[in-house]
Amino acid sequence: MNRRHFAAGVATLVLASGRAAAASGTAGAVSITYDDGLPSHLDVAVPALERRGLRGTFYVTLENIARRTDEWARLPGRGHELGAHTVHHPCNISPFDARSFADREFRPLETWLDAVAGPGRARDFAYPCDVTNLGAGPPDVQRGRYEAMLRGLKMESARNSEGPPNPPAWVRRHPYRLQALAIGYDAQPLDVFNYLQRARVEGRWAILVFHQVGSGPESDGAVTAVQHDALLDMVVASGLAARTVGAQMLRLASEDGPRAAAPRRSDLGGG
């Protein structure tokens, strides 16, 4: 992300976003998500979200949160959502079969999440490295194997890091293929603005993905604390309803009428 002109550019877009939302009302939703369970999420992201009345979905790896599990365990009580991002964040998963992969990378984390967030929690997942090639075979077979494993684990959604905002019909048809915009790699402020405005105008669900918040190489998806603050201000000004991933999944299920899932503990996160 070009840091030199970032602040001025994003300030202009925040104002434009607020005018657009005021002119035509609100529609659509946005979820603010964080991958990997990094210390900067606790130290920088959570306070920034809460100052604005927002709540985030944090996809954690058990390996990364091990030194501060007590602090992570308190987030659900503050309205944030903890989602799964595997135990070790593997990016080469073709050598695994579904059973060994679930036993190694999911069950220990799911046990911990159940303990800290309760059995009624949302069960959401983000694919490490965006890879879905689980086991042998062609890509469609590998993806199908992964999605079948997620269904068996009672996951309600799975998210990647690319693609346009999600139409409701897409989410209902493909809950394990949620699309998102990753911040800090190729996305510039105007890209984020356009992404959020498309979600508002077309009544779609925007999902933003953050990694490192604070110091770190831009190649690793880092954004500064100032950039993160500015982007959260853009979210607030966008006119979109801000909800955690689990809350938005529940909202879409409730719109399906009799087929809706039973209510569970979930926080709308400022929506």
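Select Phe58 to start: this residue is buried, with a relative accessible area of 0%. Buried here means under 20% relative accessible area, exposed over 50%, and partly exposed in between (1.4 Å probe, protein chains only).

Before moving on, note that this is a predicted model, in which local features need pLDDT of at least 70, side-chain atom pairs count only at pLDDT 80 or more, and totals for chains, interfaces and linings use all residues. Residues are numbered from 1 along each chain as its sequence is written, and side-chain values use heavy atoms, with hydrogens and water left out.

**Around Phe58**

Show the contacts of Phe58, taking contact as heavy atoms within 4.5 Å. Leaving aside residues up to four places away in sequence, Phe58 touches Tyr34, His41, Ala45, Val46, Leu49, Trp72, Leu75, His80, Glu81, Leu82 and Gly83.

Now keep Trp72 on screen. Trp72 is buried too, at 2% relative accessibility. What kind of aromatic pair do Phe58 and Trp72 form? Theirs is edge-to-face, with 5.9 Å centre to centre and 70° between the planes. Rings of Phe, Tyr and Trp (its six-membered ring) pair if their centres lie within 6.5 Å; planes under 30 degrees apart count as stacked, over 60 as edge-to-face and the rest as tilted. Phe58 sits in strand S2 (residues 57-60) and Trp72 in helix H4 (residues 69-73), so the pair ties together parts 14 residues apart in sequence. Helices (H or I, at least four residues) and strands (E, at least two) are DSSP runs, numbered from the N terminus.

**More rings**

Next, select Phe101 and Phe106. Their ring centres are 5.7 Å apart and their planes stand at 70°, so this pair is edge-to-face. Phe101 is buried at 1% relative accessibility. Phe106 is buried, with a relative accessible area of 1%.

The structure holds ten aromatic pairs.

Switch to the largest nonpolar core, which has 68 residues. Such a core is a set of buried Ala, Val, Leu, Ile, Met, Phe, Trp, Tyr and Cys residues joined through side-chain atoms within 4.5 Å. Which members touch the most others? They are Phe58, Tyr146, Leu150, Leu196 and Leu208. Strand S7 (residues 205-210) gives the largest share of this core, six residues. In soluble globular proteins, nonpolar side chains tend to be buried together.

Stay on S7. Six of its six residues are buried. Look at each face in turn. Trp205, Ile207 and Val209 are buried on one side, and Ala206, Leu208 and Phe210 on the other.

Strand S1 (residues 29-36) runs parallel to S7 and is joined to S7 by six bridges. Ala29 stands opposite Trp205. Strand S6 (residues 181-182) also runs parallel to S7, with two bridges. Here Ala182 has Val209 as its bridge partner.

Now trace the path from S6 through helix H9 (residues 189-202) to S7. These elements make a right-handed β-α-β unit. Right-handed means that, with the strands pointing away from the viewer, the path from the first strand over the helix to the second runs clockwise.

**Helix H11**

Select residues 245-254. Eight of the ten residues of H11 are buried, so the helix is largely enclosed by the rest of the structure. The buried set is Val245, Gly246, Ala247, Gln248, Met249, Leu250, Leu252 and Ala253.

Pick out Gly246, which has a relative accessible area of 0%.

**Two loop stops**

Most residues other than glycine have a negative phi. Go to Cys129, where phi is positive, near 60°. Cys129 lies in the loop between strand S4 (124-126) and helix H7 (139-152). At 38% relative accessibility, Cys129 is partly exposed.

Lys154 also has a positive phi, near 65°. Find Lys154 in the loop between H7 and strand S5 (157-159). Is Lys154 buried or exposed? Lys154 is exposed, with a relative accessible area of 60%.

**Zoom out**

Show the whole chain. There are eleven helices and eight strands. Of the 271 residues, 51% are buried. Among contacts with a separation of 6 or more, 72% come from residues 24 or more positions apart.

How values were computed:
Two strands pair if DSSP finds at least two bridges between them.
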